[in-house]
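Let's read a model together, one feature at a time. Bring your questions as we go.

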Amino acid sequence: MIIALIEHDRGKLNESSLEMLTLGRGLGLPLHAVLIGEAARPLADRAAAFGAATVHVVQHERLAEYAPEAWAQCVVELIESLKPEAVLASGTDRGNEVMAHVAAQTRLPMAANCIEIKLGNPCVVTRARWGGSLLEEARLNGSTHLLTVAPLAVEAVESPARSPTINTVTPTLDDKVFRVRVSGRVEAGAGKISLAEARVVVGGGRGVGSAEGFKPLEELAELMGGAVGCSRAVTSLGWRPHAEQVGQTGTRIAPDLYIACGVSGATQHLIGARGSKHILAINTDADAPIVAAADYAIIGDLHEVIPALCAEVKKAMA
Amino acid sequence: MNILVCIKRIPATGGKVSLTADEQEIDTRHLGFTVSPHEECAVEEAVRLIEANGGSSAVLTLGAEVSTEQLRDAMAMGIDRAILLETDGREWDAGSTAAAIVEAVRADGMNFDLLLFGNEAADTGDYQVGIRVAHALGLPCVTGIKSLEIKGGGAVAKREASGGWDIFEIPLPAVVTVKEGINLPRYPSFQGRLKAKKKDIARAKPQWNGNQMEKARLKIPKEQEHQVEILGNGPGAAPKAVEVFQKLGLFQK
Ligand SMILES: Cc1cc2nc3c(=O)[nH]c(=O)nc-3n(C[C@H](O)[C@H](O)[C@H](O)COP(=O)(O)OP(=O)(O)OC[C@H]3O[C@@H](n4cnc5c(N)ncnc54)[C@H](O)[C@@H]3O)c2cc1C
Ligand SMILES: Nc1ncnc2c1ncn2[C@@H]1O[C@H](COP(=O)(O)O)[C@@H](O)[C@H]1O
């Protein structure tokens with residue numbers, strides 16, 4: 001059997017978990033989902049709809065807030081009692097974190113961000129490295145394989161839903177595993193369009209030339225109801241805050257349109273823009289990699305092109 | 001306070017990479033080397049914390065002799081001393097890397113209040129070396145940190161969560177893995193470079209006990225073939241671009 005850790009925040013499901021379940025149910029073994037904390041119990045039906053035949057709800061009065069070591073301890077107890085072939089989680093901040101704690105505690109190997117899994121001994125996986133710009137085929141030796149699934153590697157597809165068998169378990173958790181837990185929260189600023197969720201992103205690279213040079217990009221983003229993004233060259237120069245950086249060590253965006261202005265299109269930047277439905281590149285250099293990666297391109301100086309775009313958008317919207 | 005930072009030498013790729021004939025490595029014949037941006041920020045954070053609180057900082061890497069280049073870069077930014085865990089250049093998996101780091105921490109006479117790591121290495125992206133080290137040393141660990149404040153005997157660490165922040169209050173000593181954005185790393189000064197050049201690097205040769213996760217080979221993912229439509233040159237292309245925006249339905253509410 002396989003156990004699959006469903007990621008949630010105070011009962012709100014992280015949708016990557018559904019992709020993980022979709023991949024997991026195709027591996028040829030019964031799939032059991034794990035929900036940690038009472039707040040997650042209502043997610044049992046979603047887990048079943050995506051392939052979990054059994055759902056373990058882990059109940060404990062101190063599990064209301066996320067605590068990585070405590071979550072890992074719950075998984076370790078399930079490994080000991082159920083002896084699964086593999087444990088799956090999503091390759092998100094929390095998924096990778098909890099699984100790494102499980103790995104550290106059990107001294108088992110862990111493969112992060114898998115896109116293909118062949119169970120067996122050894123277990124053979126294909127996983128994302130370099131933020132997804134390279135793949136690795138790797139073999140894992142161990143009694144239980146600890147694997148996280150790269151987000152967006154598979155599409156979440158429902159399976160014919162059954163009503164799941166629900167099993168409630170109460171773990172023994174000592175104080176130590178609560179040393180690190182969420183003790184406070186700052187909610188997202190209301191009204192601001194977040195970069196990760198914006199429908200249009202206007203991104204600027206070194207070609208913008210200065211912090212002030214971003215004014216026209218801001219105007220275009222505002223006209224189109226979008227957000228401003230940038231490259232690492234720009235954050236390193238201190239022109240824009242890191243929160244706006246698109247790429248491997250920044251934010252991954254998924255807009256309908258990404259307008260990349262004065263960005264060369266380095267691999268680490270493109271990785272972050274891969275979720276874009278369409279890319280429009282504005283660059284003086286027709287041979288820049290961003291142009292090859294784009295659907296549309298304007299060859300020219302962004303300082304002339306963007307004001308013209310703003311004027312034209314205003315006309316179209318009038 | 002005493003701080004250890006762990007960094008890893010990686011090829012500085014940007015454009016398309018090619019692999020060596022045996023598909024084990026990136027072909028680095030025409031590439032320079034660097035460390036992950038997360039680790040560069042970890043180094044900067046260590047330097048700032050020591051500037052503010054006093055104490056001493058050390059940087060450590062496990063890798064081949066050539067990795068001394070990255071250790072010296074970190075010392076040029078202001079780290080006090082460096083430790084090289086020298087290997088023959090083969091890839092150590094996360095478990096064996098962590099075990100070697102743990103052994104080196106125990107062997108080092110200094111008691112570290114803080115061990116800083118990158119959230120993930122840029123090349124392997126294993127997401128686990130810091131956490132494995134924390135467990136072995138019995139220390140608490142917070143990951144993906146973009147803000148760190150030392151307060152009394154502990155620290156307040158923040159990590160981004162769905163547009164907002166999760167806050168963690170942790171006791172010290174602790175392991176903290178950081179993400180780029182926690183600070184803006186300084187460029188090493190000329191003097192810093194000179195000083196770093198003269199410093200000794202402590203060395204140890206950890207024992208190789210084999211990997212639990214074996215790399216069979218690397219692969220370059222297939223990119224989907226697609227065509228780019230050039231809308232025109234210069235500002236004259238704007239009307240055509242706006243036609244495209246309309247076609248994509250971007251002006252509908
Ligand atoms: C491990 C690692 C992680 C990284 N993570 C990230 C990341 O998360 N995000 C990221 O962006 N980068 C990342 N990088 C850095 C990346 O490799 C590139 O260095 C960076 O993306 C380059 O930024 P750029 O395109 O703005 O600058 P450049 O490469 O300098 O490109 C500038 C472009 O602007 C064009 N241009 C110049 N003037 C004009 C003008 N007037 N009008 C129009 N076009 C003009 C030029 O033709 C050129 O194409 C990472 C690197 C490493 C090693
Ligand atoms: N060979 C190494 N030497 C020193 N530190 C390392 C090494 N490999 C990984 N690390 C540290 O552990 C972090 C996480 O790595 P990983 O778990 O491989 O993604 C990195 O950002 C580094 O800070």
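Q: What share of the contacts in chain B with a separation of 6 or more comes from residues 24 or more positions apart?

A: First, the ground rules. This is a predicted model, where local features need pLDDT of at least 70 and side-chain atom pairs count only at pLDDT 80 or more, while totals for chains, interfaces and linings use all residues. Residues are numbered from 1 along each chain as its sequence is written, chains are lettered from A and ligands numbered from 1 in the order in which they are written, and side-chain values use heavy atoms, with hydrogens and water left out. A contact means heavy atoms within 4.5 Å. In chain B, the share you ask about is 70%.

Q: How many helices and strands does chain B have, and what percentage of its residues is buried?

A: Helices (H or I, at least four residues) and strands (E, at least two) are DSSP runs, numbered from the N terminus. Chain B has 6 helices and 14 strands. A residue is buried when its relative accessible area is under 20% (1.4 Å probe, protein chains only); in chain B, that applies to 52% of the 253 residues.

Q: Which residues touch the most other members of the largest nonpolar core?

A: In soluble globular proteins, nonpolar side chains tend to be buried together. A nonpolar core is a set of buried Ala, Val, Leu, Ile, Met, Phe, Trp, Tyr and Cys residues joined through side-chain atoms within 4.5 Å. Here the largest has 93 residues, and Leu116(B) and Leu148(B) touch the most other members. Helix α3 (residues 68–82) of chain A gives this core its largest share, 8 residues. Another core, of 34 residues, lies apart from it and includes Phe214(A) and Leu309(A).

Q: Why is the site of ligand 1 shared between chains?

A: We count a residue as near a molecule if one of its heavy atoms lies within 4 Å of it. The site is shared because residues from chains A and B surround ligand 1. There are 29 residues around the ligand, and Arg206(A), Ser231(A) and Gln268(A) are among those that come nearest.

Q: Where are the polar contacts, and which atoms of ligand 1 take part?

A: A polar contact is a pair of N or O atoms within 3.5 Å; within protein, one must be able to donate a hydrogen and the other to accept it, and residues adjacent in sequence count only if both atoms are side-chain atoms. Oxygen atoms of ligand 1 lie 2.6 Å from a polar side-chain atom of Ser231(A) and 2.8 Å from a side-chain N or O atom of His269(A). A nitrogen atom of the ligand is 2.9 Å from a side-chain N or O atom of Asp301(A).

Note on methods. Buried < 20%, exposed > 50% of the residue type's maximum accessible area, 1.4 Å probe, protein only.
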